[in-house]
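The briefing that follows is meant to be read beside the sequence and the coordinates, and it is grouped by topic.

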Amino acid sequence: MVLGTFGQVILGGALIGLAFAALMILTGRLMSASGMLGSLLGGREGLAATSIAFVAGLFISPSVLIALGSVRPPAVEAGWPLLVVGGLLVGFGARLANAGVLGSIYGAAQRSRRAVAAILAILAGAAVSFVLRQVLGAGGAA
Amino acid sequence: MIRLAALLCGMMCGAGMILSGLFQPVLLQGFAGPEGALDLSAGLGLLSALSVAVLVFALTRRLSRPYLGGEMEPFAEGPSWKSMAGGVLFGLGWGLAGYFPLAALVALGLFAPGAAIFLTAVLCGMIVHDLVVNQGGPRREGLRSRG
């Protein structure tokens, strides 16, 4: 089992939700790695600084947790061809839709129809890729 | 101050991702495992995240501006062909690679080599989009991160 125990999953999820709310209430930013990486490539003035800070926080969080206790390492990753192809698709799609996983989920919570549509589109794409991987014999290790 | 807040929020989100295991590249496979066994804990974690955020927003509904200045990033309205097509591509890539950007950033903090490959490809994909869709020029305005 790579996910945590029942309690860990609930608590971890709550932390994610709290971080999302705090980020929006304090800084006005949407918690969205896709959007933040995008704003590093050029966007409205003033978004880059908070983006860099948030991304840096994500990056150092494992190190802090390792210092405090145990952290499960990432489970088996996909092979590099899948990572490259998948990454290119994610980057292109995120920029085209201005949407990613978490941002869309929270957008849906705010009753944005566009976000609901984006979630459905993402799930449809994920389902296709799932079938694709079965057909290709689960290419890569993951 | 606003950057410190963003940094701390990033750390909190990363901690939640690690504690719940939601950053794991097998997340999608967990939803629909090879043996057909549905693992509902991933959905449970997302549900927990969603309810806390909705609760906090309900308590601060009157707030029109962020405490530390600036403006609230708006949620875009109305589905468009762009959001649908982009969403399908995003989901396709997520399913193939196993990561989505936020998860990969956390995994990068654990020095997972695949996360570095994935994130490099994501940035390349974004640049390709700008080159193709915006005919070479980087997007100047209206960039609203929504993912």
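Chain A has six helices and zero strands, where helices (H or I, at least four residues) and strands (E, at least two) are DSSP runs, numbered from the N terminus. This is a predicted model, in which local features need pLDDT of at least 70 and side-chain atom pairs count only at pLDDT 80 or more, while totals for chains, interfaces and linings use all residues. Residues are numbered from 1 along each chain as its sequence is written, and chains are lettered from A and ligands numbered from 1 in the order in which they are written.

**Chain A as a whole**

- From the N terminus on, the order of elements in chain A is α-α-α-α-α-α.
- Of the 142 residues in chain A, 58% are buried, a residue being buried if 20 or more other C-beta atoms lie within 10 Å of its own, exposed if 12 or fewer, and partly exposed in between, with C-beta atoms placed from the backbone.
- Among the contacts in chain A with a separation of 6 or more, 45% are between residues 24 or more positions apart; two residues are in contact if their C-beta atoms, placed from the backbone, lie within 7 Å.
- Helix H6 (residues 113-135) of chain A has 23 residues and spans 33 Å from its first C-alpha to its last, close to the 33 Å expected at 1.5 Å a residue, the expected span being 1.5 Å times one less than the number of residues.
- The buried residues of H6(A) include A:Arg114, A:Ala118, A:Ile122, A:Ser129 and A:Arg133.

**Domains of the two chains**

- Chain A is divided into domain 1 (1-75) and domain 2 (77-142), with bounds that come from an automatic or database domain assignment.
- Nine residues of domain 1 of chain A are in contact with eight residues of domain 2 of chain A; on the domain 1 side, helix H2 (residues 33-40) of chain A gives the largest share, four residues.
- That side of domain 1 of chain A, where it touches domain 2 of chain A, has five nonpolar, four polar and no charged residues, under a scheme in which Ala, Val, Leu, Ile, Met, Phe, Trp, Tyr, Cys and Pro count as nonpolar, Asp, Glu, Lys and Arg as charged, and the others, Gly among them, as polar.

**The interface between the chains**

- In the interface, 105 residues of chain B are in contact with 107 residues of chain A.
- Two or more residues each are given to the chain B side by helix H1 (2-20), helix H2 (27-31), helix H3 (41-59), helix H4 (81-97), helix H5 (101-109) and H6 of chain B, and H1(B) gives the most, with 18 residues.
- By class, the side of chain B that touches chain A has 67 nonpolar, 28 polar and ten charged residues.

**Helix H1 of chain B and its packing**

- H1(B) has 19 residues, of which 14 are buried, so that the helix is mostly covered.
- H1(B) is followed by B:Gly21, whose phi is positive, near 80°.
- The axes of H1(B) and H5(B) come within 10 Å and cross at roughly 85°, where axes are lines fitted to C-alpha atoms, for helices over the stretch in contact, and angles run from 0 to 180 degrees between N-to-C directions.
- H1(B) and H5(B) are therefore roughly perpendicular to each other, since angles under 35 degrees count as roughly parallel, over 145 as roughly antiparallel, 65 to 115 as roughly perpendicular and the rest as oblique.
- In this contact, B:Gly14, B:Met17 and B:Ile18 of H1(B) meet B:Ala103, B:Val106 and B:Gly109 of H5(B), and the residues involved divide into four nonpolar, two polar and no charged.

- B:Phe118 is found in helix H6 (residues 113-133) of chain B and counts as buried because it has 34 C-beta neighbours inside 10 Å.
- Not counting residues up to four places away in sequence, B:Phe118 touches A:Leu83, A:Gly86 and A:Gly87, as well as B:Ala97, B:Tyr99 and B:Ala104.
- A:Ala97 is found in helix H4 (residues 80-97) of chain A and is buried, with 31 other C-beta atoms within 10 Å.
- Leaving aside neighbours within four places in sequence, A:Ala97 is in contact with A:Ala118 and with B:Lys82, B:Ser83, B:Gly86, B:Gly87 and B:Phe90.
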